[in-house]
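Dear colleague,

Please find below the structure that I am handing over to you.

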Amino acid sequence: IFQLSLPLNFLGSIYREIRQNLLDMEALFNLQTENVPVKDKPGARPLALKGGSIRFENVTFGYHPDRPIFRNLSFTVPAGRKVAIVGPSGSGKSTVFRVLFRFYDPWSGRILIGDQDIQDIQSESLRRSVGVVPQDTPLFHSDIMHNIRYGRLDATDEEVKAAAMKASVHSTIMSLPDGYKTTVGERGLMISGGEKQRLAIARVLLKNPPILFFDEATSALDAQTESEIMRSINNILLDSARTSIFIAHRLRTIVEADLIIVLKDGQVVEQGTHEELLRSGGLYHDMWLQQALDSSPETTSLSQP
Ligand code: ATP
């Protein structure tokens with residue numbers, strides 16, 4: 001029963017938290033406003049996370065009845081591991097995130113977290129367990145302190161700063177005219193895509209979710225920014241046993257992933273570690289070679305993309 005004495009500021013925080021989740025989701029999934037997530041079943045339970053492995057079992061799904069995107073897609077992301085999903089443009093990488101978040105239900109097949117079918121759990125609890133670093137992070141018209149604190153509304157200033165340090169964005173913030181009080185977002189100070197993504201990493205650090213999604217920006221960042229972002233991400237992952245899924249466009253950023261899943265036309269065509277996939281000489285090998293050629297026309301070395 002809802003208590004009337006519930007303090008208003010508490011309701012305010014719930015409202016802000018819901019708004020924040022929606023903003024993240026919209027930005028990550030490129031959702032249109034008319035796109036309503038599927039409804040929970042009556043009697044749906046909260047997600048009980050034990051371990052947190054993620055498993056697609058024969059998932060068939062498409063946005064239009066005559067055009068399946070996934071045909072019996074199956075793969076497993078082991079609990080506590082860092083898994084990358086790669087593949088040509090249009091192969092269905094972002095669609096994996098969308099069905100995993102239950103913005104759509106599969107036509108057939110199941111998606112399991114631990115041993116729970118996500119169709120039987122409350123979507124809210126699913127989304128609460130997952131932290132998202134989207135390609136393009138939405139910022140509020142507010143100061144930076146506030147923007148990072150959206151990750152966890154009761155975090156202290158010290159906790160916000162510690163998260164920013166871990167995300168390698170603290171010194172950049174300190175160099176801004178008003179430090180953490182600098183206003184960003186609409187009509188605020190413009191900050192770069194790389195800085196925005198690091199603010200998103202700091203937010204996720206405060207949220208501290210057991211499952212992490214990272215959507216690598218498609219637009220090329222300069223090499224230094226890219227490696228700083230990867231360092232911040234690794235800082236998050238090193239000290240935790242978080243299950244994480246990366247959508248990667250530049251293969252050099254995921255060389256150290258525990259497992260790389262290669263998608264093509266909505267199916268897993270190969271999977272393994274970077275070395276295994278290079279050795280097997282398949283699609284991953286070809287994509288690696290192509291990216292090596294693109295980034296440096298003089299070299300065709302397999303070890304230096
Ligand atoms: P990229 O690397 O270019 O981001 P991707 O591998 O993430 O591509 P998806 O975005 O998952 O690919 O798209 C897979 C297929 O589904 C594409 O053919 C795309 O056109 C189609 N698609 C994606 N979103 C929708 C949608 N909302 N409605 C209809 N078709 C869609």
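Predicted model: local features only at pLDDT ≥ 70, side-chain atom pairs only at ≥ 80, totals over all residues.

Residues are numbered from 1 along each chain as its sequence is written.

The protein chain holds ten helices and twelve strands (DSSP runs numbered from the N terminus: H or I of at least four residues, and E of at least two). Of its 305 residues, 33% are buried (20 or more other C-beta atoms, placed from the backbone, within 10 Å of the residue's own).

The largest nonpolar core comprises 64 residues, and Ala-202 and Ile-260 have the most contacts inside it. Such a core is a set of buried Ala, Val, Leu, Ile, Met, Phe, Trp, Tyr and Cys residues joined through C-beta atoms within 7 Å. Helix α7 (residues 193–207) gives the most to this core, with seven residues.

As for the strands, two count as paired if DSSP finds at least two bridges between them. An open sheet has the order β2-β1-β4-β5 with antiparallel pairing; its edge strands, β2 (70–77) and β5 (116–117), each pair on one side only. Within it, five bridges join β1 (residues 54–61) to β4 (residues 108–113), and Thr-60 has Ser-108 as its bridge partner.

Strands β11 and β12 form a hairpin with two residues between them, where Asp-265 in the turn has a positive phi of about 45°. Lys-264 is bridged to Gln-267 in β12.

Key:
Buried ≥ 20, exposed ≤ 12 C-beta atoms within 10 Å, placed from the backbone.
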